[in-house]
Amino acid sequence: MLRLAPALIITLLVLPVGAGLVMVMLPAFGYLPVLGGHEASLAPWQALFAQPGLARSVAVSFASGLVSTAMALMMVVLFLAASRGTWLDRGIRRLVSPLLAIPHAAIAFGFAFLIAPSGLVARLLSPSLTGWERPPDALIVNDPWGLSLIAGLALKEMPFLLLMSLAALPQLQVDKRLMLARSLGYSPTLAWLKTVLPSLYPLIRLPVYAVIAYATSVVDMALILGPTLPPTLSVSILSWFNDPDITRRFMASAAAVLQLGVTLAALLCWWLLEQLTRLLTRNWLTNGSRQRGEIALRMVGRSALLLSSMTALAALVGLGLFSLAGFWRFPELLPQMLTLDHWQRSAPMLVKPLLNTALIGLASTALATALVLATLENEHRQHLQPKRALWLLYLPLIVPQIAFLFGLIVAAESLGIRPQLGLVIAGHLLFVLPYVYLSLAEAYRRLDPRWLQVASSLGVSRNAAFWRVRLPLLLAPLLTAFAVGLAISIGQYLPTQLLGAGRVTTVTTEAVALASGNNRRLIGVWALVQAGLPLIGFMLALALPRLLGAKRRALAT
Amino acid sequence: MANNRNGLVATISITMLALALPAAADPAPSNWQAVLEEAEGQTVYWNAWGGDTRTNRYIDWVAEQMQAQYDVDVAHVKLDDTGSAVARVLAEKQAGNHDDGSIDLIWINGENFAAMRENDLLFGPFANALPNFALTNADENPEVVTDFTLPTEGYESPWGKAQITFYYDSAQMETPPQDMQALLAWAQDNPGQFSYPRIPDFTGSTFLKQALIELSDQDEALYQPVEDADFEAVTEPLWTYLDALHPHLWRSGRTFPDSGPNLRTLMSDGELSLAFSFYPTDAAVAVKEYELPESVRSYVLEGGTLGNVHFVAIPYNSPHKAGAMVLANFLLSPEAQAEKQSLTMWGDRSVLDIEQLDADAQALFEQGERHPSELPADALSNTLPEPHPSWMTALQDAWLERYGVN
Amino acid sequence: MTALATAPLRLEQIRIALAGRALLAVDATIAPGEVLTVMGPSGSGKSTLLAYMAGFLDPAFSASGGVWLGERNLLNLPAEKRGIGLLFQDPLLFPHLSVGGNLRFGLPRHSNEKRQLVSHALEQVGLADFQSRDPATLSGGQQSRVALMRLLLSTPQAVLLDEPFSKLDTALRQEMRALVFSQLREAGLPALLVTHDHADAKAAGGQVIELG
């Protein structure tokens, strides 16, 4: 059974992505009999390249993905380098992991309201400092360069990269390295950058790639924060797939293939940058510079992460204010009156989506966790090196959703698989599983093998040792992985909507549908509900090991 | 079942086979009693834009009534874009799913209807056979059987009426502009305080058509397929107008609001002073829900504004056509139409010919006192008809070509 | 600890190699109650020998030879059926279990009077009131004693010791040596000790094999 786990995982992930890609590839090259496309042609590509602003769309998608990832990574690295385990550092760390739980759309809405000309920041300064009685006519949100999109993405990617780094760090014996480097006269931040970072980066490289792939093809954040004339490629693709003129489907399919190319090109570009950085820093690592830049790096490291965490929190506060707001006009900082109306009117509609969300999230995460555990346990028992083929696990993270989901529906329909809860759960599994694997694999492999040897030598079978020794010892990372999986599942929009044909409603599908009505107060309510669910998951993940291990000191950290 | 698929897929497929309804012959709408019987116990998946809580609330009410009166379960599938439902039906057809589709009823009109008709994605004709259809008095009210100049031919059933309605804050502005040229002059005096949704948004495209109709003096060519007209010549006044207008729009026309409802949010933020909606009661509703100040007033341009009827249609592969027809018929009942028109529910105007109804039914439509932000009762008398749907696509493409990259 | 194991542990022509390079060759018999000490510097393969005997050998190594307990060929059995107890340099008490829980973890499932066995074992090493304590609150020496008792309660038929005293300070080390070897002798278990400390070998008092 166990031996089948890796093959099963790969089949479960690769088949749907592959089938989806094929069903998008065909129309991209003119084959779609239902619309009269019977033979191969390049017409869809010609139509695509004739679209006004296509080059700009591509450029913005490409650049916003790379720049936001670089910013988020830099913030995380500098923070870790500057962090000294003070209460402030610990506080920031605690703050960050729940931020991971907040869905992209919720952050984007909150952030947009923060920085818009009529947003919270402008209200805070007006009219006292600015003299503005009306919001200034300034293009901040939806700026043509995608700067607000980049900022929003960086805000959301930072917690993920930090969490992944924190998971990888313990195996690097950071304290010993730092002690050694400092005894050689290196200042702490530089010591970290020169002795820890070079070993840390290879361990978080895959998560970084996942982030780039996500950021180059994101739809929801780009809709809210991204440029509009033209929009990012992903947003254009979605509107072409949904265009009333259904012959646009050919061009939309070609664009989906192009999106895959853009994402792969961004990954390739990042890889080249990696090589370049390695070359350029080779000398710096050993040039003996021990102090230079210490203070500046430390300041930047702490303030950047603190600032971005505070921004994310302020965005949530803005959403909260709106969900309670009565009439609220610029430049009033607070609403004229607070009301529970919006919550009360939404409450009856919340029940079913909440139940569905919880069911889908728990089922897909539980399945994913079981499969990942089976794969890792198999790897351990067979003394296998992590399989190269497991790279395929990350396929659903690397291939943009928008590039294969539309094809996947056709594939599923062709097999007679109708939209339903089970299909949605299977669809979520595609995206949840890689993240659970990312969050769990390191901790699993790192667990001292002697624990299980002791258990065996005490006469306990391998299966029993798995349940009685390994799982309890891995409780904390297991719960974190579970919480990450839940958060990922709860945030899924396109897979839920497309695979469920809209019949399976979750808080996210409801939130997106309502968001199209642009009622900020309702968006506030739904975004908070959407953020609240995974937040509960994270709180539990943090609290459970403490509760269970209250008497066991070594487990509670 | 092919036995070489992996276990999960096979399991799901088998479950689905067991759940799938046997492909039955389509119900004949002429035999209404049979339709009612077949509908009993069905679940109708009604795909309708879900961005408006008031519409959603009304659909919830409809679902309750359908359950109680006809034993039909109505599930509202909330869409953020009607096009996604069209895409869904197309994907099902592409995959060869001709009798077990996932959509039973779509809220639709205009381009989407034209596209679905053209690709044989709709079931029908059924609408004219619905018992309540007669109440629309279609002979006298051709708009209920015409969708963007196309005859509906019974493939969609009328549901409600929309018309472009402008609104402004009377505390900040005394006399709002009454036609397109006045709008331009006003925008030049008040830069950054007006905009329209980014094309290809539905409301934004409607604004283009409104402007084109007025600026071209209701050119006859607009009501024929665009291929038959000299597009450049007909639209020339529109582009000249927009070239002049854009620099004075919100954000100097470098970006546009992403949707009709977004105009309302921008009004609420004080970024815009003048906005418009496709739903005449929108402003009054927004005032009630704290989004707009009480000083907001609605009005219609002097030369009239573009209006249309919105419909419901049944996809060709719906497995619950009987239930869908019973629902479409219920939507046309005086009871449902009156409830829809009430400002406390939705405020969407009726497609029935109210004066032809019997006294009891007419009484249902009596409204209480009008909301001060609402339009005066007679304001909507001057409705401009929609151009041929091909104009919308052509206008959108031309707009994107000119203004799509800034 | 009255159950006397009677069978000797026999290491028959054991040869271990890594990537074609021979690491070690051992041939020895350990009588019940006796301790065989294998000495050698780091990298000489002494821990690999233990892994081979206990059933945890990394497949990167190739090994041949037999491990017999009396008439039983241990190599045919999975690790948990070999009846070989392990003692590492770290006590490795399970942090999610109490001290008592750790001891019960090693007890055969159907042994009678578990409670009594556990409290008796703790008394023997002077930790009578420690049953419900969290292992993390114990000192290093106390943890080592619990680990030893956990091993003995699991009634092994042979014991492998992997530098079990190397992390203890000098005073504690002598005390633990005495405790471990006397308990093993009393239980009549054949034991194999790997170490690089000559004092360990001396205290064990049995044969000594030098590797590398």
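How many residues of chain A are in contact with residues of chain C? The points below take this up first, then turn to packing. The model is predicted.

1. **Chain A against chain C.** The contact joins 21 residues of chain A to 22 residues of chain C. On the chain A side, helix 19 (449–457) and helix 20 (462–473) are the elements that give two or more residues. Helix 19 of chain A gives the most, with six residues. By type, the chain A side divides into nine nonpolar, seven polar and five charged residues.

2. **Main core.** The largest nonpolar core has 230 residues. Leu161(A), Leu433(A) and Leu327(B) touch the most other members. Helix 18 (residues 421–446) of chain A supplies the largest share of this core, 17 residues.

3. Another core, of 65 residues, lies apart from the largest one. Its members include Met53(C), Ala54(C), Leu93(C) and Ile209(C).

4. **Leu433(A).** Set aside its neighbours within four places in sequence. Leu433(A) is then in contact with Ile9(A), Leu13(A), Ala368(A), Leu371(A) and Val372(A).

5. **Helix 1 and helix 15 of chain A.** The axes of helix 1 (residues 5–28) and helix 15 (residues 341–381) of chain A come within 8 Å. They cross at roughly 140°, so helix 1 of chain A is oblique to helix 15 of chain A. The crossing is left-handed. Helix 1 of chain A contributes Ala5(A), Pro6(A), Leu8(A) and Ile9(A) to the contact. Helix 15 of chain A contributes Leu371(A), Ala374(A), Thr375(A) and Asn378(A). The residues of this contact divide into six nonpolar, two polar and no charged.

How values were computed. Residues are numbered from 1 along each chain as its sequence is written. Chains are lettered from A and ligands numbered from 1 in the order in which they are written. This is a predicted model: local features need pLDDT of at least 70, side-chain atom pairs count only at pLDDT 80 or more; totals for chains, interfaces and linings use all residues. A nonpolar core is a set of buried Ala, Val, Leu, Ile, Met, Phe, Trp, Tyr and Cys residues joined through C-beta atoms within 7 Å. A residue is buried if 20 or more other C-beta atoms lie within 10 Å of its own, exposed if 12 or fewer, and partly exposed in between; C-beta atoms are placed from the backbone. Helices (H or I, at least four residues) and strands (E, at least two) are DSSP runs, numbered from the N terminus. Two residues are in contact if their C-beta atoms, placed from the backbone, lie within 7 Å. Ala, Val, Leu, Ile, Met, Phe, Trp, Tyr, Cys and Pro count as nonpolar, Asp, Glu, Lys and Arg as charged, and the others, Gly among them, as polar. Axes are lines fitted to C-alpha atoms, for helices over the stretch in contact, and angles run from 0 to 180 degrees between N-to-C directions. Angles under 35 degrees count as roughly parallel, over 145 as roughly antiparallel, 65 to 115 as roughly perpendicular and the rest as oblique. A crossing is left-handed if the near helix is turned anticlockwise from the far one by less than a right angle, and right-handed if clockwise.
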